[in-house]
Amino acid sequence: MNHFAANLRKLRLDRGMTQEQTAAKLGVSPQSVSRWETSATYPDVLLLPEIARLYGVLVDELFKPSAKGYDNNALRLLAVFEHTHKPEDFLAAAQEFEKIIRAGAATADDWRSYGVTHEYMVYQCIEKATQSYEKAMAMTRETDAEMYHRTRRQSDLLRSRIGQSEACIAEQEETVRRNPDSADAWADLAHALGCANQPERTLQVCEEALERFPDNALLHIFAGDACRTLRRYDQAFPHWEEALRLNDTFTDAMFSMAFCRGDMGSSTRRPSCGRRSQGSWTSAGWRSRPSGRGKWRRNAGSKSNKREPVPRLWGAGSLALI
């Protein structure tokens with residue numbers, strides 16, 4: 001049975017269009033449309049995407065029994081994205097929904113489908129990120145400890161955001177049990193706890209680890225951030241100051257101090273740390289912008305090759321980028 005011809009007629013009538021109107025939109029004659037609908041001839045294959053777009057269906061649906069058009073082109077493009085999983089098809093669908101929204105014509109189903117469009121893309125991005133982290137860790141596990149642990153912490157941050165924080169913590173606890181003399185293992189555990197928003201446990205782990213590794217700057221940063229979350233500001237600043245003394249390239253400690261001072265507000269006594277913090281910035285080759293908004297850029301004559309720091313937006317978890 002020729003579903004194609006029957007679908008063309010049904011879809012045209014569902015849209016309330018005449019053969020003449022259809023022909024005008026496709027740039028063909030009304031006689032051509034009539035011949036398609038009676039199976040006398042078939043349209044050029046290059047015209048099929050235009051026909052499908054006009055009737056609000058996918059091309060392959062033109063050949064299926066009882067094709068039914070989507071209510072609008074945005075829903076049709078969402079169906080395309082579901083099939084292809086291509087980022088460009090996500091953008092096409094999202095932009096089409098946004099046109100409907102801006103026109104004030106979005107229905108509840110349009111809003112729901114707009115959300116579905118982004119949900120599908122989120123899961124694809126998570127899958128891609130996870131695969132990339134696993135590849136990076138496999139490449140560096142035996143050859144580049146610093147890159148391996150940076151990637152591991154970033155992976156744990158992502159996993160914590162999708163509800164896998166307890167699994168990350170359990171894995172890192174097992175790693176510490178097997179490698180108690182590894183400062184990186186302890187730091188990864190502290191980071192996993194921080195991602196899970198468990199500041200008390202984070203601080204306990206950091207304090208225990210610092211007894212073994214007192215000169216580990218990263219552990220001091222994690223400890224300071226945990227103290228900040230617990231509002232133990234007088235304990236937080238010494239940890240950050242010590243981290244900078246040990247390694248003045250850890251700009252996260254500087255941002256933590258700045259954000260903490262903002263948390264404390266003007267009415268609260270602030271630990272005296274600004275002078276040393278500013279000195280750490282300038283000694284590393286950074287200077288304040290004229291805007292006075294706390295942003296920094298590297299002095300033109302500095303030999304430092306550090307990149308311009310970016311404020312953290314995700315709390316302690318973003319320290320995975322260190």
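Among contacts in the protein chain between residues at least 6 apart in sequence, 50% join residues at least 24 apart; contact here means heavy atoms within 4.5 Å. What you're looking at is a predicted model, where local features need pLDDT of at least 70, side-chain atom pairs count only at pLDDT 80 or more, and totals for chains, interfaces and linings use all residues. Residues are numbered from 1 along each chain as its sequence is written, and side-chain values use heavy atoms, with hydrogens and water left out.

**The whole chain**

- The secondary structure comes to 15 helices and 2 strands. Helices (H or I, at least four residues) and strands (E, at least two) are DSSP runs, numbered from the N terminus.
- Of the 322 residues in the protein chain, 43% are buried. Buried means under 20% relative accessible area, exposed means over 50%, and partly exposed is in between (1.4 Å probe, protein chains only).

**How confident is the prediction?**

- The chain has a mean pLDDT of 83, with 82% of its residues reaching 70 or more. That score is the predictor's confidence in each residue, from 0 to 100.
- Over residues 273-278 the pLDDT is below 50, and this stretch has 9 contacts in the model beyond near neighbours in sequence.
- Residues 280-321 also have pLDDT under 50. For them the model has 76 contacts beyond four places in sequence.

**Helices α13 and α14**

- Two packed helices are described by the angle between their axes and the distance between the axes. Axes are lines fitted to C-alpha atoms, for helices over the stretch in contact, and angles run from 0 to 180 degrees between N-to-C directions.
- Helix α13 (residues 233-246) packs with helix α14 (residues 251-264) at an angle of about 160°, and their axes are 9 Å apart. That makes α13 roughly antiparallel to α14. For the wording, angles under 35 degrees count as roughly parallel, over 145 as roughly antiparallel, 65 to 115 as roughly perpendicular and the rest as oblique.
- The crossing of α13 and α14 is left-handed. A crossing gets that label if the near helix is turned anticlockwise from the far one by less than a right angle, and is right-handed if clockwise.
- On the α13 side, the residues that meet α14 include Tyr233, Phe237 and Trp240. Their partners in α14 include Met254, Met257 and Cys260.
- By class, the contact of α13 with α14 has 10 nonpolar, 1 polar and 3 charged residues. Ala, Val, Leu, Ile, Met, Phe, Trp, Tyr, Cys and Pro count as nonpolar, Asp, Glu, Lys and Arg as charged, and the others, Gly among them, as polar.

**Helices α10 and α12**

- Helix α10 (residues 183-195) and α12 pack at about 20°, with axes 10 Å apart. The two are therefore roughly parallel to each other.
- α10 and α12 make a left-handed crossing. Trp186, Ala187, Ala190 and His191 of α10 make the contact with Leu218, Leu219 and Phe222 of α12.
- Sort the residues of this α10 and α12 contact by class and you get 6 nonpolar, 1 polar and no charged.

**Helices α2 and α4**

- Helix α2 (residues 19-26) packs with α4 at about 125°, their axes 11 Å apart. So α2 and α4 are oblique to each other.
- The crossing of α2 and α4 is right-handed. Thr22, Lys25 and Leu26 in α2 meet Glu50, Ile51, Leu54 and Tyr55 in α4.
- The contact of α2 with α4 divides into 4 nonpolar, 1 polar and 2 charged residues.

- Gln124 sits in helix α7 (residues 108-140) and is buried, at 18% relative accessible area. Leaving aside neighbours within four places in sequence, Gln124 is in contact with Phe81 and His85.
- Ser160 belongs to helix α8 (residues 145-161) and is buried too, at 15%. Beyond its neighbours within four places in sequence, Ser160 is in contact with Ser165 and Cys195.
- Arg228 is in helix α12 (residues 217-229) and, with 22% relative accessibility, counts as partly exposed. Arg228 and Cys260 are 32 residues apart in sequence but 6.7 Å apart in space, C-alpha to C-alpha.

**Loop residues with a positive phi**

- Most residues other than glycine have a negative phi.
- Ser39 isn't a glycine, but has a positive phi of about 65°. You'll find Ser39 in the loop between α3 (30-37) and α4 (48-55), partly exposed at 31% relative accessibility.
- Arg231 isn't a glycine either, and has a positive phi of about 65°. Arg231 is in the loop between α12 and α13 and counts as exposed, at 61% relative accessibility.
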